[in-house]
Amino acid sequence: MMYKIELSSDEVPKKWYNINADLPSEIPPPKNSDGKNQIEYLPKIFSKGVLEQEFSTERYINIPNEVRELYMRMGRPSPLFRAKGLEDKLNTPAKIYFKREDSSPTGSHKLNSAIPQAYYAKKDGIERLTTETGAGQWGTALSLACSQVDLDCTVYMVKVSFDQKPFRKVIMGIYGGEVHASPSKYTEAGRKTLAENPDHPGSLGIAISEAIEDALDNEHAYYSIGSALNHVMLHQTIIGQEVKTQLEIAEEEPDVMIGCVGGGSNFAGFTFPFIKDKIDGNSDCEFIGVEPSSCPTLTEGKYDFDFGDTTGLTPLIKMFTLGHDFVAPSVHAGGLRYHGMSPQVSLLKKEGIIDAKSATQKEVFKAGILFAKSEGIVPAPESTHAIKVAIDEAKKCKETGEEKTIVFNLSGHGLLDLVGYDKFLSNQLSSDN
């Protein structure tokens with residue numbers, strides 16, 4: 001039995017996979033809102049490289065040698081593990097595998113997009129990147145990526161996570177990132193929000209507004225986003241491509257693939273190379289995105305045009321959304337508290353190619369602790385959503401006797417999320433959302 005499947009550095013993918021080439025229908029293009037022309041802002045805040053990728057329909061896009069080298073230096077390829085301990089705990093005939101994106105220096109999958117975004121910005125002669133972050137994983141990754149190419153980095157971190165996860169901002173500071181709790185006093189969007197509610201907990205939508213405003217006000221700065229947009233999904237497909245090779249080595253075909261979803265980045269990167277097989281008629285694998293019941297974008301949201309940020313600085317994007325002014329309860333899975341969803345993931349859900357489920361905060365912490373006891377790894381609260389549904393699927397196999405192969409993405413570790421685990425263990429979680 002193979003418990004750990006590793007690849008050599010030479011096997012880091014040389015191309016990203018672009019699902020735009022294979023979608024069953026075309027994603028409606030972004031559009032301006034009445035009286036405004038947000039689309040004209042895009043070249044002012046995004047690098048030429050990522051804008052070309054955002055609208056590309058080429059199936060495979062070359063990974064620059066400099067980016068691929070940084071991928072390898074930062075630990076790629078990541079390993080695939082057989083969760084035999086979890087299988088035994090559940091007494092299931094299912095085989096469970098998990099991809100360890102938590103093993104990166106920043107503890108999550110986010111470096112996969114932070115590195116190329118910093119690289120393309122540096123190529124354009126930019127001096128600084130601005131961004132938002134929820135739980136802090138993306139802000140941490142971008143801070144490190146900017147340090148690797150000698151860029152400054154400004155991070156607007158959702159205030160509730162800024163307070164819940166103090167060591168995330170310490171790590172960002174170590175990597176050179178400047179971190180502000182959002183809403184902040186540094187932007188018009190932040191000041192307006194604070195004037196209306198000085199105790200506002202913040203949201204990813206507000207943090208995005210602040211970061212975009214900062215970039216628009218400085219000709220030497222670009223904006224960088226950690227999820228939702230097509231180019232971010234593209235960069236993350238190195239995960240799924242590696243998993244494909246690793247499952248071939250294990251002589252396995254996945255029956256169920258599971259990832260948590262907030263904006264869609266880790267789920268997309270993990271599943272898109274396999275979804276291509278399903279679209280081509282060569283697979284009947286089931287794909288499940290799992291989100292918090294407190295922020296049920298895919299399961300309860302509306303498929304419509306909406307802004308990606310709170311104040312309407314972005315173009316209108318066709319996606320599943322809870323409304324751009326939605327503020328989620330302050331659950332500990334800060335990376336999943338986003339009102340919208342990747343247009344690509346949204347279209348796949350609308351077309352019935354992927355499924356979505358939601359889970360409560362207490363359910364996912366319980367699953368995370370069972371996983372930690374079984375495999376020795378403390379998972380991020382975001383990743384526990386995928387673990388919870390993987391456990392549910394394995395239990396179904398116990399009832400039916402099916403020997404399915406279940407694969408999930410461990411998108412990040414929870415070693416800086418121990419406040420949430422402590423509150424769960426001491427029965428202090430304020431909500432079961």
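Residues are numbered from 1 along each chain as its sequence is written, and side-chain values use heavy atoms, with hydrogens and water left out. Because the model is predicted, local features need pLDDT of at least 70 and side-chain atom pairs count only at pLDDT 80 or more, while totals for chains, interfaces and linings use all residues.

**The lysine site**

An unreviewed UniProt entry lists Lys110 for "modified residue: N6-(pyridoxal phosphate)lysine". UniProt positions are given in the numbering used here, feature names are shortened, and annotations may be inferred rather than shown by experiment. Lysine 110 sits in the loop between strand E5 (95-100) and helix H5 (111-123). Helices (H or I, at least four residues) and strands (E, at least two) are DSSP runs, numbered from the N terminus.

With a relative accessible area of 12%, lysine 110 is buried. Buried means under 20% relative accessible area, exposed over 50%, and partly exposed in between (1.4 Å probe, protein chains only). Leaving aside residues up to four places away in sequence, lysine 110 touches Gln137, Trp138, Ala141, Gly226, Ser227, Gln236 and Ser265; contact means heavy atoms within 4.5 Å.

Serine 113 lies in helix H5 and is buried, with a relative accessible area of 0%. Not counting residues up to four places away in sequence, serine 113 touches Trp138, Val232, His235 and Gln236.

**Helix H5 against helix H3**

Two packed helices are described by the angle between their axes and the distance between the axes. The axes of helix H3 (residues 65-73) and H5 come within 10 Å and cross at roughly 145°. Axes are lines fitted to C-alpha atoms, for helices over the stretch in contact, and angles run from 0 to 180 degrees between N-to-C directions. On the H3 side the contact is made by Glu66, Val67, Leu70 and Tyr71, and on the H5 side by Leu111, Asn112, Ile115, Pro116 and Tyr119. These residues divide into 7 nonpolar, 1 polar and 1 charged (Ala, Val, Leu, Ile, Met, Phe, Trp, Tyr, Cys and Pro count as nonpolar, Asp, Glu, Lys and Arg as charged, and the others, Gly among them, as polar).

**The parallel sheet**

An open sheet is formed by 4 strands in the order E8-E7-E6-E9, with parallel pairing. Two strands pair if DSSP finds at least two bridges between them. Strand E8 (177-182) and strand E9 (221-223) are at the edges with a single partner strand each, so one side of each has no neighbour in the sheet. From one strand to the next the twist averages 25°.

Strand E6 (residues 128-133) pairs with E9 in the parallel sense over 3 bridges, and leucine 129 stands opposite tyrosine 222 in E9. E6 and E7 also run parallel, joined by 6 bridges; here the partner of glutamate 132 is tyrosine 156 in E7.

In a regular strand the side chains alternate between the two faces of the sheet. In E6 both faces are covered: Arg128, Thr130 and Glu132 on one side and Leu129, Thr131 and Thr133 on the other are all buried.

Helix H8 (residues 166-174) lies across E6, strand E7 (152-158) and E8, at about 150° to E8. Helix H10 (residues 204-216) also packs on the sheet, touching E6, E7, E8 and E9, and its direction makes about 170° with that of E6.

**An enclosed helix**

Helix H14 (residues 343-350) has 6 of its 8 residues buried, so it is largely enclosed by the rest of the structure. The buried residues are Pro343, Gln344, Val345, Ser346, Leu347 and Leu348. Their cover includes H11, helix H12 (265-279), helix H13 (297-300), strand E12 (302-307) and strand E13 (316-321).

**Backbone features**

Most residues other than glycine have a negative phi, and most peptide bonds are trans. The table lists departures from this pattern.

| Site | Feature | Value |
|---|---|---|
| Arginine 76 to proline 77 | cis peptide bond | omega near 0° |
| Serine 182 to proline 183 | cis peptide bond | omega about 10° |
| Asparagine 91 | positive phi | phi near 55° |
| Glutamate 251 | positive phi | phi near 60° |

Proline 77 is in the loop between H3 and strand E4 (80-82), and proline 183 in the loop between E8 and helix H9 (188-196). Asparagine 91 is in the loop between helix H4 (84-90) and E5 and is exposed, with a relative accessible area of 55%. Glutamate 251, in the loop between helix H11 (230-250) and strand E10 (256-260), is exposed at 73% relative accessible area.
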